Amino acid sequence: MLLGALASLPLSLVGGPLDDPQKLTPENEMGPFYKKGAPASSMLRPAGAPGFGLEVKGRVHNTRGDLVEGVEIEVWQADHDGHYDLKGHNYRARLVLPRTAEYDFQSVMPGHYPDRVAQHIHYIVRAPGHKALVTQLYFGTDPVFLGDPAKNFAKDPLVRNPDLIRPVTLLDENKVARALVQFDIVLERA
Ligand SMILES: [Fe+2]
């Protein structure tokens, strides 16, 4: 069903891309479901778990346009059905970035859940010499945005800045469709 919903939307959806590498990434709420101790892994999806495959990747700069060294990112999200794992650490990960300041993780598109309007993935980004950033990633294909995230971002009252809504590219690999999202992050120096 999700695949159908995604396939019915144009692939060129744009949600205010972070084209300027020196434009500070907006903050967004931490939410109630953060949990310490996430595993150092780029695979958030447990083996065999249902959902539409998702890869998220990006790079971390600071507002001077420099790549940031020593970045650690924690990500957490709801599963395909909109549930957070509060007992274990499924759909949670800690990413330690190399000197290229690039990150990449595999997951599924997060489900909607009752207390939130839009699909999202939570982020905490930390690096020496920089202010920690708490934010959330949203998806241009989310039906909540009615195909026009720049206009309809406030359908979720927590989305105050459309820059956090990213375009979704659909890939077809050996007849298996999955989504790819680029989410570059810009930190402020401390
Ligand atoms: Fe959440």
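User: Which residue in S6 does Val125 stand opposite?

Analyst: Val125 stands opposite Leu133 in S6. Strands here are DSSP runs of E with at least two residues, and helices are runs of H or I with at least four, both numbered from the N terminus. This is a predicted model: local features need pLDDT of at least 70, side-chain atom pairs count only at pLDDT 80 or more, and totals for chains, interfaces and linings use all residues. Residues are numbered from 1 along each chain as its sequence is written.

User: How many bridges join S5 to S6, and do they run parallel or antiparallel?

Analyst: S5 and S6 run antiparallel and are joined by 5 bridges. Two strands count as paired if DSSP finds at least two bridges between them.

User: What's the strand order in the sheet?

Analyst: The order is S3-S2-S5-S6-S7, an open sheet of 5 strands with mixed pairing. S3 (92–96) and S7 (165–166) are at the edges with a single partner strand each, so one side of each has no neighbour in the sheet.

User: Back to Val125. What does it touch?

Analyst: Leaving out residues up to four places away in sequence, Val125 touches Val60, Val71, Ile73, Ala132, Leu133, Ile185 and Leu187. Contact means C-beta atoms, placed from the backbone, within 7 Å.

User: And the largest nonpolar core, how many residues?

Analyst: The largest nonpolar core has 39 residues, and Val60, Val71, Val125 and Leu187 have the most contacts inside it. Strands supplying at least two residues each include S1 (53–62), S2 (72–77) and S5 (121–126). The largest share, 4 residues, comes from S6. Such a core is a set of buried Ala, Val, Leu, Ile, Met, Phe, Trp, Tyr and Cys residues joined through C-beta atoms within 7 Å.

User: New topic. What's the phi of Tyr91?

Analyst: Tyr91 has a positive phi of about 60°, although it is not a glycine. Tyr91 sits in the loop between S2 and S3.

User: Is Tyr91 buried or exposed?

Analyst: Tyr91 is buried, because 25 other C-beta atoms lie within 10 Å. The cut-offs are 20 or more other C-beta atoms within 10 Å for buried, 12 or fewer for exposed, and partly exposed in between, with C-beta atoms placed from the backbone.

User: What about Lys175: buried or exposed?

Analyst: Lys175 counts as exposed, with 5 C-beta neighbours inside 10 Å. Lys175 also has a positive phi, about 70°, and is not a glycine. Lys175 lies in the loop between S8 (169–173) and S9.

Conventions: Contact = placed C-beta atoms within 7 Å.
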